[in-house]
Every structure is written in structure tokens, then in C-alpha cells.
Amino acid sequence: MKTFEEIKEYYFKFPDRSNFIPIFDEEGKNITLYYCDDDGYRKAFLFANTLDLNADFQETDQSFILEKLEDTFEESSAEFEDGEEDFEDVSDILSASYEDAPVIKLVNQIIISAVKAGASDIHFETRANSFLARFRIDGKLRTFKRYPKSLHEAVVARIKVMAMLDVAEGRRPQDGRINVKVGNRNIDMRVSVIPSIYGEKVVLRILEKSRNLLSLDAVGMSEEWVKRFEEHINKPNGIILVTGPTGSGKTTTLYAALLAMNRQERNILTIEDPVEYDVDGITQVQVNNTVGLDFASAIRSFLRQDPDVILVGEIRDDETAKTAVQASLTGHLVLSTLHTNDAPSAVARLIEMDIEPFLISSSLSLVAAQRLVRKNCPHCSETVKVGDDLGLILKKEGIELSEYKKGMGCQECFDTGYKGRLAIFEFLEINDSIRKLINRQSAAYDIREAAKKSGFKPMFYSGMDLVREGITTPEEILATTRIE
């Protein structure tokens, strides 16, 4: 009987292993060859005969095979934990295969581990004496593993090859894109490479195109605000803006809005950089600066496509802002994002982009500002008392709180006490009083104070509602939002 290592070594020689896989039983004595189609059965039959295996054959779904294949990759990661000497011979990965370039397995294993952990970014960083892979999970960076520094150049070169970047260029920043399949999940990764004093640093932003989109209530909106938000997105024209810093979930909220609007009688077009999710029934266009396809030019072209709804990935310059406003004034509903700290500041930002105040007041319908806060881990949450210092801060804001739920840290949440994230919002509805202030070019503070009289609720207080419900902690809300 062949050993597991011998069987795995021969299995990895197959270029395409997505339709068959050998699995040992718990005792490691018997082996079953799983396959999902005729081609997979032929490979499994050849596999068994070549190695002279007395194996059982079992037909199954491809998803089962792909899931087991991910586990097989993870098991192979042990090759990279034994020390630096294992990699002294790895110098050229450009023409390497799984058989003779373990660095390829290493990069794949890191990517697979990041996707399975729900990471949004992978950081490959060099230090004076080591090479690190770090994952951003739930908005926080944590070190996945440390490797010998001698691996750095080979790993960076492998990523550059995958992203079709210049492997020989190490003095200037480079940007690229990688499309891979992890199990049955399609992953698009944006690649950024910059030089540093210890060597090049690489960051991969993970975008899962096949990921299931969330509904408006699932992203964090209350039942009341789902109804009011739907009233705005069902208007025939106007501008709806979602504001917040990078990584605050703005795009996810806009896609949730599109999902709520996506009906057969509506023509919805989007211009994005990049297209992050595939949505059936919507025409999605990706920015291509090489051919002059930017946000502004795409909006002008969209207007000749008889649109009902236009989504603009981001309003980042004067031309895009003016074109979006004109599109809304000519009878179209425009959704977009803007980088401001809160909802009232969006008006001032548009004025800075040389948009006439009367055009803003006429076209703007709703501004939603948001942040992502980490949720308490359901496996280790306990009720704790509010400390004196925290209680004093909350009392200054008129909040009485004696106890709250807090994750204490466990294996499920990597000892952080948090697992998953949820958006908190503040919504600025543009009514007549707000329009008058916009026309007078009033400051964001005046707009905020006027909005409070109409029910405007700052993000901090929306977050504290989640604290009372046991969903998150006051520390997380204070760290994420600012108190006025």
C-alpha cells in the first residue's frame, strides 16, 4: 500500500484536479477515489492503476471535491514551516510547476487560507530578518505566518507573474489584477506592489464576485430605515449618496439598493472601478482609462442607453460630479459614493467640486453615511459591567449604560472577541429646510443641527442602539465613530 505522501505527490502531478480526489479513511488504511464526471472517473481509474491501489470509486458533487481539495492544499502548507533551508534551491518560478516549485504551493495556500478566513486583504511584508503574510479580517490586520526572508523575492515574483506585472522591475510601484478560483468561488484580487527599504511590499485586495449579495436589512439598516430608504430609491430621479472612508462597506450598501430595485421593467447601468459583484439583470461596465472610459464619459454614454437607474462607483472629481448632477436633473436616478466623514459634510464636498448650490438642492435626495463595526463573537460573549471611565464618556453624551455584552476571546474569533461586521448609518434626508441651507451655502454644522430637528440621528447613537441589543460593544462604537 502506498503511503499518503506518495499518493499526494502523484496526485499533484495532475494539472487539473477539480473533478477527482483520493481520500483516506480515518484509520489511513483504505482509500476512496471520488469523481464527479466521466473525465474525473477516467483520471481516478488511471490514478488507481498507476499506483496499483485497491481503491473504492465513489461519484459525488464537484463542490465536495473542491472543498476537499482546499483541505489538501492546507495540509501541504507544512512544507513551509520547517525552516529556511527547504527553499534554498527555489530561484526561478516562471516556468515552475507544482512538482518543482514549492513556492507556488505556498502562495496558493496563503490565498486559500485568506479566502476561507474571510479576509478582505492579504499583506506580504518584509522585515529586517523575516517575511510575513498578514490578513485583514473584520477590519483588523493580524499576522498569519512568518517565513524565512529568503522566500521574499520568490513569492513576490510569483505574484507578479500571476498578475502579469513586470517581474524585473523592483524600483517603482505597480498595479495589477489576478482572477482565481478557490473551490467553487470566483475570486478577483487587485494587486498593489510598492518598493520599501527591505524589499517590495505586496497587498492583495480580495473581491469575491460570486458572493451572495446582502439585502438592505442584512447590511445593518433598521426596519424603519429600510422602508424610508426604499422610498428614495423608488423615486424616478435624484441623487442618492453613500459616504464614508475606504473599506466602510459603501459598495455593498449600493448593491443591496440595486438588488431591491432590480426588476424587469427597469434599465439599470453601472460604471465601476472595478466591478466587484456580478448581478444578473444589470448592465455593468468597468472603468478603462487606457481607452478613455472613465466615470464621466460612461455617464454621458449611459444617457443614450435609455436608463432608469445609473450607479457611479465613486464621485471623485469635478467632471464626474457635474455629469452625475446633470443626469439626475434630466430624469434619472443616480446612486454613487463620496468620501466624507459624515452625511452633512457631503453637501460641502459637492460645493467644493464647483457644483452650484441650487443644482445640489434640486438634485440631492438622500445622503447615507456609514461605518463598519465588529460584532460580538456569539461563541464567547458575556455580560460585563461598564467601567468608570467608559461610563463617564457615555454620560456626557446622555447615555446611561450599566452593563453590556462583550466577546471574551476564543478559537472561533482568533481571541479577538469579535466575529463578523455590521454597518451603522446616519441618514440625511433633503427636505425644504435643508434645501434653503444648501442654497445659502451654510456650513455642515448648521445643516446637521437643522436635520436633528427633523429626526436626524448621528451615527454614534445608532451604534449605541446595537450595544443595547448586545450586538457590539461601546468601545467599538467609540473607536469607529466620532462624537459631535
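This is a predicted model: local features need pLDDT of at least 70, side-chain atom pairs count only at pLDDT 80 or more; totals for chains, interfaces and linings use all residues.
Me: What does the chain's secondary structure come to?
Reply: The chain has 17 helices and 18 strands. Buried residues make up 50% of its 484 residues.

Me: How do you know that Tyr35 is buried or exposed?
Reply: Look at its relative accessible area, which is 15%. Buried means under 20%. So Tyr35 counts as buried.

Me: What makes Tyr41 partly exposed?
Reply: Tyr41 has 36% relative accessibility. Buried needs a value under 20%, and exposed needs one over 50%. The value for Tyr41 falls in between, so Tyr41 is partly exposed.

Me: Why is the pair of Tyr35 and Tyr41 called edge-to-face?
Reply: Two values decide it. The ring centres lie 5.1 Å apart, and rings pair if their centres are within 6.5 Å. The planes meet at 65 degrees, and an angle over 60 counts as edge-to-face. So both tests are passed, and the pair is edge-to-face.

Me: What makes Phe460 and Tyr461 an edge-to-face pair?
Reply: Their ring centres are 5.1 Å apart and their planes stand at 85 degrees. The cut-offs are 6.5 Å for the centres and 60 degrees for the planes. So this pair is edge-to-face. Phe460 is buried, at 2% relative accessible area. Tyr461 is partly exposed, at 29%.

Me: How many aromatic pairs are there in the whole structure, and which residues cluster with Tyr35?
Reply: A search of the whole structure finds twelve aromatic pairs. One aromatic cluster is formed by Tyr35, Tyr41, Phe45 and Phe57.

Me: How do you know that helix 2 has the span expected of a helix?
Reply: Helix 2 runs over residues 38–50, which gives 13 residues. From the first C-alpha to the last it reaches 18 Å. The expected span, at 1.5 Å a residue, is 18 Å. The helix is close to that value.

Me: What makes Asp37 a cap for helix 2?
Reply: A side-chain oxygen of Asp37 lies 3.3 Å from the backbone nitrogen of Asp39. A polar contact needs N or O atoms within 3.5 Å. After helix 2 comes Asp52, with a positive phi near 55 degrees.

Me: How do you know that Ser248 is buried or exposed, and what does its side chain reach?
Reply: The relative accessible area of Ser248 is 2%. The limit for buried is under 20%, so Ser248 is buried. Its side chain reaches the backbone oxygen of Pro245 at 2.7 Å. Ser248 lies in the loop between strand 10 (238–243) and helix 8 (250–261). Beyond four places in sequence, Ser248 touches Gln370, Arg371 and Leu372.

Me: What makes the link between Arg134 and Glu125 a polar contact?
Reply: Their side chains come to 3.1 Å, and the limit is 3.5 Å. Arg134 is in strand 5 (residues 130–137). Its contacts beyond four places in sequence include Asp121, His123 and Phe144.

Me: What is the form of the peptide bond from Asp273 to Pro274?
Reply: That bond is cis, with omega near 0 degrees. Most peptide bonds are trans. Pro274 lies in the loop between strand 11 (268–272) and strand 12 (283–286).

How values were computed:
Residues are numbered from 1 along each chain as its sequence is written. Side-chain values use heavy atoms; hydrogens and water are left out. Helices (H or I, at least four residues) and strands (E, at least two) are DSSP runs, numbered from the N terminus. The expected span of a helix is 1.5 Å times one less than its number of residues. A polar contact is a pair of N or O atoms within 3.5 Å; within protein, one must be able to donate a hydrogen and the other to accept it, and residues adjacent in sequence count only if both atoms are side-chain atoms. Buried means under 20% relative accessible area, exposed over 50%, partly exposed in between (1.4 Å probe, protein chains only). Rings of Phe, Tyr and Trp (its six-membered ring) pair if their centres lie within 6.5 Å; planes under 30 degrees apart count as stacked, over 60 as edge-to-face and the rest as tilted. Contact means heavy atoms within 4.5 Å.
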